[in-house]
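Here is a friendly walk through one structure, helix by helix and residue by residue. Please keep the view open as you read.

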Amino acid sequence: MSEGRRTNKPPMSEEERQKRIERIKRERRRQRRKKAMMMRAAVLGVLVLILVGAIVLVSFQVKRSKAKKAEEQARQEQLIQEEEAKNQARKDAVAQADTMALGYDYDGAIELLKSLENYDQDADIIAQIANYEAAKSTLVAVNMDEVTHVFYHSLVVDPAKGFAGEDSTSAGFKQWMTTVDEFNKITQAMYDNGYVLVDLHDLANETTGEDGAVHFTTNQIMLPEGKKPFVLSLDDLSYYHSYDGRGIASKIVLDENGKPTCEYIQDDGTTVTGAYDCVPLLDQFLEEHPDGAYHGARGTIALTGYNGILGYRTDIAYKTRENLTEDQQLWLDAHPDFDWDAECAEAKKVAEAIIADGWKFASHTWGHMHIGDASLENIKADNEKWQSYVAPLVGGTDTIIFAHGQDLADWHDYAADNEKFAYLKEQGFNYFCNVDSSQYFLQIRDNYVRQGRRNLDGYRLWNDVHGEKNRTSDLFDASQILDPSRTDMPSL
Ligand SMILES: [Zn+2]
């Protein structure tokens, strides 16, 4: 059969031909549709690709512009912060200039204002400079021969303890010490009476010659009419062991702002801190009354060394434990963890804070020696100890305030052949102070400055109220000052 089909293929009918043509046509249409669909899919794909690309690009751009915006914002914020810091610094400088001007340092205040950026385009600053110039022109020259010098020891916080007993120790406290109340009343009264604290070094101008020798001439202090300068010193700010239990502060420490304050041991043995002695009390008063001090002056603190300084047991004997006195041995026994190096570091830190407030340090001799009676050899040995164990803690000094009210010579000028004077000069001392209780004693010579001092202590106050002669009436009314807890003034 298959043979027959192959050989006898019947001719295609018209109908069949038509069907075949139709089939071919359909096939072609299907092919075209498929092609078209493929084309559309391809176009769609490209479009999707373009869209995705565009989205990616846009989102990238958005991200970039966001980052740029944040960057710009941070830059703006930094600029604002810088501007604010600048404004604050300017405000601080203006406030500082004001404090300087209150302390009669108009030149310093003007110089500070002129150091500010574009000060000459700031109407407020120009006006303030004019105010300072005007105030400066009203100052008058004070009589430099009439500058008094007063001094205190550590203050008695609790008179019931300080003045307890009938022995010579008690008599000493009654005579040499001033109470906190007396000190505060004197400070207020002297301020009210026009007294302005000046630094001992404000009395003279110092120049150094080519050979290194220093020369002094009288400085001219300028103050408002009616104001009177005075110098202040504090003796024996060491909180000796002998003060223990006497109602006096135990040491100077730093408060939370790094400012000097006192540690005080209460009856129950607990420790409190606060203004229990001259340094923080006067600092507080002068912060509230900046016109009470000339150019921010403070007092001069005269230190011995044998029990350390400022309440810190810094003398070498506490380290070597050689030649200890009984009270030193007792103290070391009570403090088995004592670390001499740490003690010295702490004392130095406290001394630096005291200096930062404007105070100066002086030698009071290491051993509280009778400098007039002592031999030159003993003075040398004593000074070497002071220079070794006190000077490094307080940054050295050019001032010596003699103990026991003694001096190197009588009131005449120090003579060139005075061996003690020559030795102390060679050791760098140029300022010398004694106790003469006279109103004014000031020698400003080419090679030294010397001033006499007045004790504002129990002895003086008691005698000004109960004695025949009143020696402090130029400063205050002693009857308003004397502590009512004082009932007698035994002699030593
Ligand atoms: Zn003394």
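In which strand is the place of Leu 442? The answer is strand β15, which covers residues 442-445. Keep in mind throughout that this is a predicted model.

With 18 other C-beta atoms within 10 Å, Leu 442 counts as partly exposed, because a residue needs 20 or more such atoms to be buried and 12 or fewer to be exposed. Setting aside neighbours within four places in sequence, Leu 442 is in contact with Asp 145, Val 147, Leu 203 and Gln 451.

Now turn to helix α2, which takes in the 89 residues 14-102. At 1.5 Å a residue, α2 should span 132 Å, and this agrees with the 129 Å between its end C-alpha atoms.

How many of the 89 residues of α2 are buried? The number is three, so α2 lies largely in the open. The buried residues are Ala 97, Met 100 and Ala 101. An α-helix has 3.6 residues a turn, so residues three or four places apart point the same way. Among the elements that cover the buried residues of α2 are α3 (106-114) and α4 (123-137). Just after α2 comes Tyr 104, with a positive phi of about 65°.

The axes of α2 and α3 are 7 Å apart, and the two helices pack at an angle of about 165°. They are therefore roughly antiparallel to each other, and α2 passes α3 in a left-handed crossing. On the α2 side, the contact is made by Ala 93, Gln 96, Ala 97, Met 100 and Ala 101; on the α3 side, by Tyr 106, Gly 108, Ala 109, Leu 112 and Leu 113. By class, the contact of α2 with α3 has eight nonpolar residues, two polar ones and no charged ones.

What of α3 and α4? Their axes are 9 Å apart and they pack at an angle of about 165°, so α3 and α4 are roughly antiparallel to each other. The crossing of α3 past α4 is left-handed. Here Tyr 106, Ala 109, Ile 110 and Leu 113 of α3 meet Ile 125, Gln 128, Ile 129, Tyr 132, Ala 135 and Lys 136 of α4. The residues of this contact of α3 with α4 divide into eight nonpolar, one polar and one charged.

## α7 against α8

Helix α7 (residues 180-192) and helix α8 (residues 278-288) cross at roughly 30°, and their axes come within 11 Å. The crossing of α7 and α8 is right-handed. Phe 183, Asn 184 and Thr 187 of α7 meet Cys 278, Leu 281, Leu 282 and Phe 285 of α8. The contact of α7 with α8 has five nonpolar, two polar and no charged residues.

Not counting residues up to four places away in sequence, Ile 252 touches Pro 260, Cys 262, Val 279, Leu 310, Gly 311 and Val 350. Ile 252 and Ala 347 are 95 residues apart in sequence, with 8.7 Å between their C-alpha atoms in space.

Key: Residues are numbered from 1 along each chain as its sequence is written. This is a predicted model: local features need pLDDT of at least 70, side-chain atom pairs count only at pLDDT 80 or more; totals for chains, interfaces and linings use all residues. Helices (H or I, at least four residues) and strands (E, at least two) are DSSP runs, numbered from the N terminus. The expected span of a helix is 1.5 Å times one less than its number of residues. Two residues are in contact if their C-beta atoms, placed from the backbone, lie within 7 Å. Axes are lines fitted to C-alpha atoms, for helices over the stretch in contact, and angles run from 0 to 180 degrees between N-to-C directions. Angles under 35 degrees count as roughly parallel, over 145 as roughly antiparallel, 65 to 115 as roughly perpendicular and the rest as oblique. A crossing is left-handed if the near helix is turned anticlockwise from the far one by less than a right angle, and right-handed if clockwise. Ala, Val, Leu, Ile, Met, Phe, Trp, Tyr, Cys and Pro count as nonpolar, Asp, Glu, Lys and Arg as charged, and the others, Gly among them, as polar.
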